[in-house]
Amino acid sequence: MNLCTDQLAMMLATEGQLLSVSQIALDTHVSPMAEEARGYRINYGQAEDIYLMRPDLVLAGEYTPRTTVDMLRGLGIRVEIFAITSSLDEVTDQLAKMGTVLHREAQAQAIIADFQTRRATLASEAGPRPAAIFYYANGFTSGAGSLANDILELAGFSNAAIEAGYGSGQKMPLEVLALTDPDLVITTTPYPGGSRAEDVMQHPVVKAIQDSRATAAVTDHDWVCGTPFVLRAAEQLADLRRSMTGVQP
């Protein structure tokens with residue numbers, strides 16, 4: 001009943017083991033496994049809805065409403081809570097935990113081994129480290145202690161927000177962004193329709209920096225959860241860094 005546990009479970013569950021995933025797993029903006037999710041029953045995160053499916057186990061996130069978790073546990077259903085992933089190291093922890101919970105330890109270890117190999121390959125690359133800044137809706141940025149920052153640094157960039165004194169989840173005024181003048185501004189993929197919160201990502205200051213560098217990047221569904229998909233995000237970002245610097249692995 002959580003987007004991130006949905007993905008971990010779909011990766012590891014054996015046939016017939018996983019009954020249902022959350023509605024948000026179908027959202028292609030945030031779910032890299034939206035196509036796979038269509039093969040499962042969909043739940044809407046309601047205790048009554050889930051109870052009627054008669055599950056032996058429910059997988060939830062730490063921000064799943066506590067009343068829902070307590071109600072399910074009160075009805076005798078086991079609920080396992082998974083924490084938010086804030087670093088690349090925690091990705092393997094989450095995989096290992098899901099492997100244990102689903103009794104799929106060997107399968108989890110195989111995915112972890114592949115993850116570590118790909119991560120080491122990216123980390124071994126040398127060369128210039130262009131400065132980048134995340135610039136999200138309402139002007140929020142990501143600094144140290146965030147999964148996004150780990151992805152950025154693994155891809156070979158330095159986080160200019162950290163150098164400017166900003167942490168994760170802090171607002172960066174447009175004036176600071178302009179004065180920082182990073183080599184790359186990374187925004188998010190906007191949702192269809194209009195959002196005043198996202199207008200700042202289309203501001204002329206942001207566009208001017210992107211246009212002057214002839215580079216742009218956006219975060220998408222691969223960035224959202226602490227799963228192996230974060231390495232695909234890092235690999236794509238590393239390709240961009242190589243084209244910017246002219247340095248190949």
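## Helix 7 and its covered residues

Helix 7 is mostly covered, since six of its eight residues are buried. This description refers to a predicted model. The buried residues of helix 7 are Leu147, Ala148, Asn149, Ile151, Leu152 and Leu154. After helix 7 comes Gly156, a residue with a positive phi, near 100°.

One of the buried residues deserves a separate look. Asn149 belongs to helix 7, which spans residues 147-154. The relative accessible area of Asn149 is 4%; a residue counts as buried when this value is under 20%, and therefore Asn149 is classed as buried.

## The surroundings of Asn149

When neighbours within four places in sequence are left aside, Asn149 is in contact with Phe134, Gly143, Ala144, Asn159 and Ile162.

Phe134 lies in strand 5, residues 131-134, and Asn159 lies in strand 7, where Asn159 stands opposite Ala132.

Strand 5 is covered on both faces. Ala131 and Ile133 are buried on one side, and Ala132 and Phe134 are buried on the other. As a general principle, the side chains of a regular strand alternate between the two faces of the sheet.

Strand 5 pairs with strand 7 (residues 158-159) in the parallel sense, over two bridges. Strand 5 also runs parallel to strand 9 (residues 184-188), and three bridges join them. Within strand 9, Val185 is the bridge partner of Ile133.

How many aromatic pairs does the model contain? The count comes to two. In one of them, Phe134 and Tyr136 are tilted, with 5.7 Å centre to centre and 35° between the planes. Both Phe134 and Tyr136 are buried.

Phe134 also pairs with Trp223, in an edge-to-face arrangement with 5.7 Å centre to centre and 80° between the planes. This pair links distant parts of the chain: Phe134 is in strand 5, whereas Trp223 is in the loop between strand 10 (217-219) and helix 11 (229-245), and the two are 89 residues apart. Phe134, Tyr136 and Trp223 form one aromatic cluster.

Is Trp223 buried or exposed? Trp223 has a relative accessible area of 11%; because the limit for a buried residue is under 20%, Trp223 counts as buried. For Phe134, which is also buried, the relative accessible area is 0%.

## Strands 3 and 4

Another part of the model contains a pair of parallel strands. Strand 3 (residues 57-61) and strand 4 (residues 78-82) are joined by five bridges. Together with helix 4 (residues 66-74), strand 3 and strand 4 make a right-handed β-α-β unit.

Phe82 in strand 4 stands opposite Gly61. What sits over the ring of Phe82? The charged end of Lys97 is found there, 4.5 Å from the centre of the ring.

How values were computed
Residues numbered from 1 in each chain as written. Predicted model: local features only at pLDDT ≥ 70, side-chain atom pairs only at ≥ 80, totals over all residues. Heavy atoms only, no water. Phe/Tyr/Trp six-rings, centres within 6.5 Å; stacked < 30°, edge-to-face > 60°. Buried < 20%, exposed > 50% of the residue type's maximum accessible area, 1.4 Å probe, protein only. Helix = DSSP H or I, 4+ residues; strand = E, 2+ residues; numbered from the N terminus. Lys NZ or Arg CZ within 6 Å of the ring centre and 35° of its normal. Pairing = 2+ DSSP bridges. Right-handed = clockwise from strand over helix to strand, strands pointing away. Contact = heavy atoms within 4.5 Å.
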